[in-house]
Amino acid sequence: RLSVFEPFQSIDDSAYLGDLKPGEKATARYQLSVDAAAVAKEYTLTTEVRYRDALDNSLVSDTFNIPVQV
């Protein structure tokens, strides 16, 4: 899940990564739009991953940052 704030907008703030085995990697892709008046600079958006552990418990990862250049 991606946390979006102005000047960004997103139709869908979630991405499905599928089933991953320990050590496997996946890339989440989001489509963003940005307000035309946005300042050209690097912004930081935050994201987290909701997942199920081996016992089928629903958990959420720590929040981590994603740099976005405008």
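Colleague: Which residues does S33 touch, not counting residues up to four places away in sequence?
Modeller: P7, F8 and Q9. Contact here means heavy atoms within 4.5 Å. The model is predicted, so local features need pLDDT of at least 70 and side-chain atom pairs pLDDT 80 or more, while totals for chains, interfaces and linings use all residues. Residues are numbered from 1 along each chain as its sequence is written, and side-chain values use heavy atoms, with hydrogens and water left out.

Colleague: Where does S33 sit?
Modeller: In strand β3, residues 32–34. Strands are DSSP runs of E, at least two residues, numbered from the N terminus.

Colleague: How accessible is S33?
Modeller: Its relative accessibility is 38%, so S33 is partly exposed. That class lies between buried, under 20% relative accessible area, and exposed, over 50% (1.4 Å probe, protein chains only).

Colleague: Back to F8. What does F8 touch, leaving out residues up to four places away in sequence?
Modeller: L32, S33, V34, Y43, L45, V68 and V70. F8 also belongs to the largest nonpolar core, with L2, A38, Y43, L45 and V68. Such a core is a set of buried Ala, Val, Leu, Ile, Met, Phe, Trp, Tyr and Cys residues joined through side-chain atoms within 4.5 Å.

Colleague: New topic. What is the strand order in the open sheet of three strands?
Modeller: β1-β4-β7, with antiparallel pairing. β1 (2–3) and β7 (64–69) are the edges, each with a single partner strand, so one side of each has no neighbour in the sheet. Pairing takes at least two DSSP bridges between two strands.

Colleague: How many bridges join β4 and β7?
Modeller: Six, with β4 spanning residues 42–47. Y43 stands opposite V68 in β7.

Definitions and conventions. Helices (H or I, at least four residues) and strands (E, at least two) are DSSP runs, numbered from the N terminus.
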